Amino acid sequence: MMARLLARACCPKALPQAFRRPLGSAAAQAWSHGPLTAYMPEALAFPRPKDHQGLYKVSVEQGDTFWGALGRSRLTWITPFHSVQDCDLHQGRVSWFLGGQLNVAVNCLDRHVHIAPDKVALIWEKDEPGEEVRVTYRELLELTCRLGNTLKRQGVKRGDRVTIYMPPCPLAVASMLACARIGAVHTVVFAGFSAESLADRIRDGKKTVITVNQGLRGGKVIELKKTVDQAVKQCPGVKRVLVSMRTDSKFPITAQDVPLEEEMMKEDVCCEPAAMDSEDMLFLLYTSGSTGKPKGLVHSQAGYLLFAALTHKYVFDYQDRDIFGCMADIGWITGHTYVVYGPLCNGGTTVLFESTPVHPNPGRYWETVERLKINQFYGAPTAIRLLLRYGDEWVKKYDRSSLKVLGSVGEPINKEACEWYFRVVGETRCPVVDTWWQTGGICISPRPSNPGAEILPGMAMRPFFGIRPSLLDDKGNVLLENNISGALCISEAWPGMARTIYNDHKRFLETYLTPYPGFFFTGDGAYRTSEGYYQLTGRLDDTINISGHRLGTAEVEDALRSMLCVVLSNLMVLLLGAYVFVVLKKDSGYTQETLAAELQELISKKIAKYAAPEYIQVTHRLPKTRSGKIMRRVLRKIVEDKASELGDLTTLDDHEAVQQIIEGRKRLVEGHKSC
């Protein structure tokens, strides 16, 4: 069916003149002004910065000038904006490019179709190697328009919310862009979440779900439609489920089901783009927090798209004709920004990776690099550490000469993995950029920087354009000196930041803006070196990171009910999953051995399989202060095998409990080693 949808070349109507500005004309004009303006043509509008550091200084000291020039140059507008920003972090007010109207799908598709219609936009790397599908910008525009018209015919209107529960595939990208084209708001849910988690993410007023009959991942079939059916039973507001056929397997039809490809074939290949205000919602993305229910972070149109495009280009030194390989699933913000919106806004070629790093063998990533000639490779430290364990031979078996930049995302990459990534995968010629995020995109990374500037292993290092980091102590004082640690905050609003939590702006303020008034609180701690570089030191809240996916401890605790604490070690290779401490009720009848399988099954059902804890330790008591508060930092140190660094224990009410946990952890880890 996909072949039929791509068989006819689309013939979009002529774009309005405002949409037809040639791309790259400013860059071509800038070459005569030197390398800095060739790097960023808009520098012609700035007060003569001499180098990359000068550009950064303009971006934080003259934000209106910097972002105004980039917004006008890098995006195509229906109605130009009249003001660059109206932001006040004290009041929680963040607005960019006021008065401007644009369409994100036009910026990602139409303007490229009118210049290079046959350029490849997507390379769909299917689960089985060697079965990739290439989709041109012309074909992707046709898919998007057909799908947009299908949604409108099904009753989806501007401002409606559409849930997308699909694996990485061209129709999933077209679904996102179709929503953007008609002014609907998409919510993409990782196609691995359970029915209960999916239902939680559907409930916020959504009537439409787009899914596939089955997914394929790692050689396994995933029954996505069955999961949707179970979720929809808990969501009476759902009116329609549009189902695409990823496999030939039939499925039970419900009254809400709509055969997606069949309906798309009935529609026209032209779909009028909606004129969206800069601050209209583009998408909701649910992220786990430490306080219970997953929160739907809201991203707007213009600011997010501009920040996605800029970070994609400058962090990875993306050039025209490069092939960009981000391995993230589109259900995560990394996939939104660096599989879909950033690369497509830049007119690039982006890879949709459907499989796993070890299917059919641990050489899968590198075989894909060789076959597709990937230039920038962006992966998670969890995957890099996993592949490191298989040795160098699986890497060296394949030609990786196309690689120019290696990226790391999801959590700080440890030094051993970073050095292996650089030395073996990149053959010591590809810089490794360790990227630190906030929800819209990369905020700190080794690039952009002057050519030849040092890149230190496992360190994010430098703030991106427009990002002004600050370290604060526990009393809210700004720490100005170097060689110091503190709570990492950002002192000024930036275009790509989230705007609110859907239907709960109070929670947004309490989470991000109230802890340190006048600053955006990231939830992370950081160390600033003597050179002024930033080294992330980990979360300051109780959110953990599993396989690159953020997961709130409260969400896991709520699922298990009897669980009292979850911690994660980013430092020990054996401790890559959740580490669970459980205090059993008296006479429960469970032992540590009998409990593990049942809890893992429960978490897999209620959240997702990836969240199932790897280590479950039964203990009689947890370390608490005399006021009854669990000392989570103590548990973290124990899990990280740093029992000698427990710090001040003067408020601990039972020192014997700590020793018992240390001994129990040792037995548990040694038991796993022997298995």
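**View 1. Helix 15 and helix 17 cross with their axes within 10 Å.** The axes of helix 15 (residues 381-388) and helix 17 (residues 415-425) cross at roughly 75 degrees; axes are lines fitted to C-alpha atoms, for helices over the stretch in contact, and angles run from 0 to 180 degrees between N-to-C directions. The two helices are therefore roughly perpendicular to each other (65 to 115 degrees; angles under 35 count as roughly parallel, over 145 as roughly antiparallel, and the rest as oblique). Helix 15 contributes I384, R385, L387 and L388 to the contact, and helix 17 contributes E416, A417, W420 and Y421 (contact means heavy atoms within 4.5 Å). Six of these residues are nonpolar, none is polar and two are charged (Ala, Val, Leu, Ile, Met, Phe, Trp, Tyr, Cys and Pro count as nonpolar, Asp, Glu, Lys and Arg as charged, and the others, Gly among them, as polar). Helices (H or I, at least four residues) and strands (E, at least two) are DSSP runs, numbered from the N terminus.

The model is predicted: local features need pLDDT of at least 70 and side-chain atom pairs count only at pLDDT 80 or more, while totals for chains, interfaces and linings use all residues. Residues are numbered from 1 along each chain as its sequence is written, and side-chain values use heavy atoms, with hydrogens and water left out.

**View 2. Strand 18 (residues 376-379) is covered on both faces.** Q376 and Y378 on one side and F377 and G379 on the other are all buried (under 20% relative accessible area, with a 1.4 Å probe and protein chains only; exposed means over 50%, and partly exposed lies in between). Strand 18 pairs in the parallel sense with strand 16 (residues 323-326) over three bridges; two strands pair if DSSP finds at least two bridges between them. Four bridges join strand 18 to strand 19 (residues 405-408), also in parallel. Y378 is the bridge partner of C326, and G407 in strand 19 is the bridge partner of Y378.

**View 3. Strand 4 (residues 120-125) is mostly covered.** Five of the six residues of strand 4 are buried. Strand 5 (residues 133-136) pairs with strand 4 in the antiparallel sense over four bridges, and W124 stands opposite V133. Strand 17 (residues 349-353) runs parallel to strand 4 and is joined to strand 4 by four bridges, with L122 opposite T350.

View 4. I484 has R528 in strand 28 as its bridge partner.
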